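Dear colleague,

Please find below the structure that I am handing over to you. My notes on it come after the display.

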Amino acid sequence: MRQLVLQTKYWPLPLIIWSALVLASFSWNWERLDRHTLDLAANRAHFVFKVVESVRMWNARHGGVYALIDETTQPNPYLKIPERDLTSTDGLALTLLNPAYMTRQLADVVKEISDVRLHLTSLKPLNPGNLADPWETRALQAFEQGEKTRLELVDQGEERMVRFMAPLFVEQECMQCHEHQGYQVGDIRGGLSVSYSASPLLQNEAVGLRHLIWAHAGTWLLVSALLLVGLSQIRRHMLSLAEAKQQLDSLVRQRTAELHTLTKAVEYSPISTVITDKSGCIEYANPRFSEVTGYAPDEVVGCNPRLLQSGETPVEVYEEMWATITGGDIWKGELLNRKKNGEPYWEHISISPIRDAEGSVSHFVALKEDVTDDKARVARIHYQANYDDLTGLPNRKYFRELLYQQVRHATQGSNAFALMFIDLDGFKNINDTFGHDAGDLLLQESARRITECVRKSDIVARLGGDEFVLILQHTGCSHAISLIAEKILHRLMQPFQLDDSQGHVAASIGIARYPRDASSAEDLLKRADSAMYQVKHAGRRNYCFYDDEGVALDNARA
């Protein structure tokens with residue numbers, strides 16, 4: 001492109017291309033002009049055909065029309081029906097004009113008042129005057145093959161004519177005259193040919209063609225002149241740019257020295273530093289980045305930082321981050337990424353946009369600090385504060401938080417849920433007989449069995465000792481709750497393998513439903529506990545619901 005502009009010997013090339021485009025446009029528009037002329041011709045001929053066809057249909061539906069016999073209207077010798085000729089009461093001689101005869105009469109009238117010629121024709125004509133000429137014969141044969149209409153511009157002597165023809169189909173009204181020829185309703189009986197001079201249409205097309213030539217020629221001249229002027233201006237501008245580039249190269253060398261100093265400072269930084277272009281492709285990563293991630297700089301340059309994604313950070317976080325930095329603001333946050341060896345790690349990241357001399361964002365710089373150990377310490381503290389060390393289930397404190405959350409969510413969504421209070425029967429005997437280590441094994445196995453009896457969305461917690469609680473979410477159906485309670489009772493009554501011995505326990509289960517039995521977390525827990533004690537008093541190894549009046553009712557099994 002540079003050589004094309006700077007060397008004038010190449011300038012004819014774009015002129016040749018432009019000329020080819022103008023020629024293609026001219027050819028396309030000329031073709032459209034031809035199509036438009038044919039459309040006009042077809043529309044006029046089709047209109048005449050429809051008018052004549054309508055008159056024929058009117059005549060057929062009325063069984064023909066009687067007219068006075070005179071020099072121009074003689075009886076139709078090809079119409080072989082008894083009622084063809086009649087004499088009126090006042091002595092007038094009348095003859096029947098069927099659709100075909102009326103069409104010929106109409107053709108004569110049209111010929112007198114216009115340049116349109118009508119010809120009713122058929123491959124099997126009754127009237128020799130309806131015999132098809134060669135062009136009409138080809139059209140009728142094409143109709144037999146499925147062609148709908150035919151339109152052509154035909155030379156007849158020194159005049160060019162528009163010739164149009166469409167088929168005429170046998171209607172029920174036509175069978176009176178044509179049944180003896182073997183026609184059936186729906187057959188092609190023949191066709192109606194419409195002809196008229198194409199001279200007016202061709203003259204209009206010639207005027208349009210002249211306008212088309214002038215328009216394309218004028219456009220070609222104008223754009224060619226502008227192209228040459230433009231190339232001249234661009235050439236002058238490029239020569240100026242070449243001079244400016246030399247000055248810029250000198251400035252770049254100066255800035256490169258300054259950048260070298262800055263680069264050294266980043267390389268020895270104790271914090272991972274990554275620089276990307278505005279599309280996010282990495283252009284630089286310092287040695288600390290390689291120490292943390294395991295990726296060498298040449299492995300990540302040209303790549304997107306998403307190669308570090310672990311797949312566990314929500315997509316919304318990345319969308320919010322990208323929207324912030326592309327908007328020119330600083331984003332800070334924590335991401336769970338993955339090292340080259342597959343090890344996950346947490347990073348605290350600060351990403352800042354870098355603007356060019358025009359104020360547009362050209363790059364991003366990310367300062368990243370590995371906070372995996374800090375996150376692990378926080379997680380350990382959270383686990384110790386909220387989970388039971390023995391069973392791994394939520395403890396009493398965390399369970400109360402979960403129960404309060406469940407009540408809030410159920411209230412907002414108008415949902416029901418159930419709370420089960422489970423107390424192991426016979427657990428003290430296990431401790432006394434086999435020791436506390438065996439008791440711990442039994443509690444761990446009990447937690448596992450209870451968890452297996454419910455859905456993953458349900459919540460199982462240990463309040464302490466041999467007490468467990470369940471939150472059965474999104475259910476208020478007594479039958480479904482009873483099935484789960486019976487399943488838990490059955491599982492807990494199975495023998496427990498305690499090292500070399502077997503232990504047996506059972507359970508007492510109290511059930512309260514929200515919002516039927518209570519509208520607050522505290523009341524719900526108290527009423528589930530009350531129902532559980534009712535089972536204890538009734539003989540243990542059972543379950544029951546808490547009713548509306550505050551009395552624990554035994555179920556059918558009790």
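The notes below go from the whole chain to single residues.

This is a predicted model, in which local features need pLDDT of at least 70 and side-chain atom pairs count only at pLDDT 80 or more, while totals for chains, interfaces and linings use all residues. Residues are numbered from 1 along each chain as its sequence is written, and side-chain values use heavy atoms, with hydrogens and water left out.

Overall form. The protein chain holds 15 helices and 20 strands; these are DSSP runs (helices H or I, at least four residues; strands E, at least two), numbered from the N terminus. Its radius of gyration is 50 Å, whereas a compact globule of 558 residues would have one near 24 Å. That radius is taken over C-alpha atoms, and the globule rule is 2.2 Å times the number of residues to the power 0.38. Along the principal axes, the C-alpha atoms fill a box of roughly 135 × 90 × 40 Å.

Of the 558 residues, 39% count as buried (under 20% relative accessible area; exposed is over 50% and partly exposed in between, with a 1.4 Å probe and protein chains only). Among contacts (heavy atoms within 4.5 Å) with a separation of 6 or more, 57% are between residues 24 or more positions apart.

Annotated segment. The UniProt annotation "domain: PAC", from an unreviewed entry, covers residues 331-383; such annotations may be inferred rather than shown by experiment, and their positions are given in the numbering used here. Over residues 331-383 the chain is 23% helix and 57% strand, with the end C-alpha atoms 30 Å apart.

Single residues. Asparagine 431 lies in helix H12 (residues 427-434). Asparagine 431 is buried because its relative accessible area is 17%. Beyond its neighbours within four places in sequence, asparagine 431 is in contact with His436 and Gly439.

Backbone geometry. Most residues other than glycine have a negative phi, and most peptide bonds are trans. Tyrosine 514 and proline 515 are joined by a cis peptide bond, with omega about 5 degrees. Proline 515 is in the loop between strand E18 (506-514) and helix H15 (521-537). Histidine 474, not a glycine, has a positive phi of about 55 degrees. Histidine 474 sits in the loop between strand E15 (467-472) and helix H14 (478-492), and counts as exposed at 56% relative accessibility. Arginine 541 also has a positive phi of about 55 degrees without being a glycine, and is found in the loop between H15 and strand E19 (542-546).

With kind regards
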